[in-house]
Amino acid sequence: MFLAAGDKGDITTIIGGIAPDWGPFGSLGAEARVMIEVVMAVSILLCLGIAIWGAAKQRIGATALRDTFSAEQGKGLIVAGLTGVFIIGSLGTLFTIVYGMAI
C-alpha cells in the first residue's frame with residue numbers, strides 16, 4: 001500500500017523514469033536537444049494530421065459519396081499516419097537500444 005507513497009516521489013521522478021535516456025546524443029547541447037524535440041513534435045503533429053485527414057476521407061467516401069476507392073485511400077492514410085507517429089515516438093528508445101548494443 002505504501003510502496004508508491006514516498007517522501008521523495010514527485011512527478012519529475014515519474015517522468016524521469018519514463019523518458020528515455022539520450023544515449024548517443026547525451027553530449028549534445030541544450031539547444032540541439034530542443035531542436036531535435038521540436039522537429040520530432042512537428043513530425044508527430046503532421047502524422048496525426050495525415051491520420052485525421054484519412055479518417056475524414058474514409059468517412060466521406062464510404063457514406064456520402066459511396067466512393068470505395070476514397071474509403072480505401074482513407075484507410076491507407078490512417079495506417080500511414082499512425083505508423084509514423086509510432087515510429088517517430090519510438091526513435092529515442094530505438095537509438096538508445098542500438099547504441100547500447102554497440103557498446
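The side chain of Ser90 places a polar atom 2.6 Å from the backbone oxygen of Phe86. That is a polar contact: a pair of N or O atoms within 3.5 Å, where, within protein, one must be able to donate a hydrogen and the other to accept it, and residues adjacent in sequence count only if both atoms are side-chain atoms. Ser90 sits in helix H3, residues 68–102. Its relative accessibility is 16%, so Ser90 counts as buried.

The model is predicted: local features need pLDDT of at least 70, side-chain atom pairs count only at pLDDT 80 or more, and totals for chains, interfaces and linings use all residues. Residues are numbered from 1 along each chain as its sequence is written, and side-chain values use heavy atoms, without hydrogens or water.

The protein chain has 3 helices and 0 strands. Its pattern along the sequence is α-α-α. Helices (H or I, at least four residues) and strands (E, at least two) are DSSP runs, numbered from the N terminus.

Of the 103 residues, 12% count as buried. Buried means under 20% relative accessible area, exposed over 50%, partly exposed in between (1.4 Å probe, protein chains only). The accessible surface of the chain comes to about 7900 Å², and 73% of that belongs to carbon and sulfur atoms. Areas come from the Shrake-Rupley method with a 1.4 Å probe; for residues, only the protein chains shown count as cover.

| Residue | Relative accessible area | Class |
|---|---|---|
| Ser90 | 16% | buried |
| Lys75 | 39% | partly exposed |
| Glu72 | 48% | partly exposed |
| Val42 | 51% | exposed |

Val42 belongs to helix H2, residues 30–64. With Val34 and Val38, Val42 makes a nonpolar surface patch of about 240 Å². Patch residues have over 30% relative accessible area and no salt bridge; like charges are joined within 9 Å, nonpolar side chains (Val, Leu, Ile, Met, Phe, Trp, Tyr) within 5 Å.

The whole structure holds 1 salt bridge, defined as a side-chain nitrogen of Lys or Arg within 4 Å of a carboxyl oxygen of Asp or Glu. Lys75 pairs with Glu72, with the closest N and O atoms 3.4 Å apart. Both lie in helix H3, 3 residues apart, about one turn of the helix.

An unreviewed UniProt entry annotates residues 34–56 and 77–102 as "transmembrane region". Such annotations may be inferred rather than shown by experiment. Residues 34–56 are 100% helix and 0% strand, with end C-alpha atoms 33 Å apart.
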